[in-house]
Amino acid sequence: ENPYLGQKPPGLIPESFAPGMVTTAGWEYGGCFTPNMKTFYFIREVKDTGEGNRKQEFVMFEYENNAWQETVISPRVGQAYIAPDGKTMHLGKRYKERTDSGWSEIKRLGGPYEEIKIMRLTASTKGTYVFDEAGMPDGDGVLRYSRLVNGKREAPKPLSKEINSGKWTAHPFIAPDESYIIWDSEREGGHGDSDIYISFKQQDSTWGAAINLGDQINTDAWEAAATVTPDGKYLFFNRNIGSADYENVDIMWVDAEIIETLRPTTFEF
């Protein structure tokens with residue numbers, strides 16, 4: 001009852017998510033639900049009234065007592081992604097684990113991840129990690145993956161050139177069943193600034209050509225950080241509504257049927 005913060009779901013035209021609750025005239029980013037769809041996390045920017053500086057905070061809406069309750073958890077600690085089993089909150093190279101009393105303290109992945117400037121890490125139901133690298137200052141970061149093989153995590157490897165092309169390639173989302181990866185990048189033939197792309201896994205387990213999500217999703221503004229809700233129904237992403245200073249970034253959502261319209265008709269997974 002009362003799902004998606006009580007909002008009327010969109011169709012195939014993106015809309016701002018939860019105006020006045022989540023989306024405002026300011027900066028909001030990185031929205032994600034827990035698998036039971038009863039908790040929504042995002043990051044928003046607030047102004048320090050004392051100094052006028054921008055600060056970011058980690059915010060939660062949780063469905064309790066038949067209502068959505070807002071809580072500011074902490075200052076920003078990373079872009080959250082909840083693993084498909086609901087037991088891990090990934091925060092880039094850091095994470096929290098679900099306990100009987102809530103989330104644990106922040107822990108570190110360690111190992112090779114410490115050397116990579118990870119902005120966003122997502123995971124499949126098989127435990128495969130797909131993550132980015134902040135490509136500062138030249139936008140030359142790459143997307144990598146790391147699988148669980150016989151219970152052991154393999155060393156991170158770059159994804160193929162079908163995905164790692166262009167500049168500012170970042171913010172990946174791997175489908176829980178690993179049938180596709182969504183990410184954003186500046187590439188030839190795009191709509192202007194960063195666009196959102198998808199690649200479908202082929203029958204030989206390689207990744208297909210990058211497909212632009214089209215002019216309903218991508219504009220001449222910055223679009224990035226897409227994710228699909230755990231129920232598979234909606235695509236969430238971010239869009240710069242403001243100026244080049246990014247003072248107004250909105251969390252958008254759209255019917256995930258947009259993904260099916262792009263899936264190759266001969267595709268079988």
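Predicted model: local features only at pLDDT ≥ 70, side-chain atom pairs only at ≥ 80, totals over all residues.
As general background, nonpolar side chains in soluble globular proteins tend to be buried together.

Leaving aside neighbours within four places in sequence, I217 is in contact with P14, I196, E223, L235, F237, R239, V254 and I258.

## β18 and its two partners

Strand β18 is mostly covered, with six of its seven residues buried. It pairs with β17 (residues 167–174) in the antiparallel sense, over four bridges. β17 and β18 form a hairpin with five residues between them, and E178 in the turn has a positive phi of about 65°.

β18 is also joined to β19 by six bridges, and these two strands run antiparallel. Here I181 stands opposite S199 in β19.

## A four-stranded open sheet

Another sheet to look for is an open one made of four strands, in the order β11-β12-β13-β16, with antiparallel pairing. β11 and β16 (157–158) stand at the edges with a single partner strand each, so one side of each is left without a neighbour in the sheet.

Within this sheet, β12 and β13 (residues 144–146) pair in the antiparallel sense through three bridges, and V130 stands opposite Y145 in β13. The loop between β12 and β13 is where P137 is placed. A cis peptide bond joins M136 and P137, with omega of about 0°.

## Two asparagines with positive phi

If you are checking backbone torsions, two asparagines are worth a visit. N65 is not a glycine, yet has a positive phi of about 50°. This residue is found in the loop between β4 (54–64) and β5 (67–75). Its relative accessible area is 75%, so N65 counts as exposed.

N150 likewise has a positive phi, of about 55°, although it is not a glycine. Its place is in the loop between β14 (148–149) and β15 (152–153). With 76% relative accessibility, N150 counts as exposed.

## Towards the start of the chain

P3 is found in the segment before β1 (15–16). Its relative accessible area is 45%, which makes P3 partly exposed, as the exposed class needs a value over 50%. The C-alpha atoms of P3 and N240 are separated by 26 Å, and these two residues are 237 residues apart along the chain.

Note on methods
Residues numbered from 1 in each chain as written. Heavy atoms only, no water. Contact = heavy atoms within 4.5 Å. Buried < 20%, exposed > 50% of the residue type's maximum accessible area, 1.4 Å probe, protein only. Pairing = 2+ DSSP bridges.
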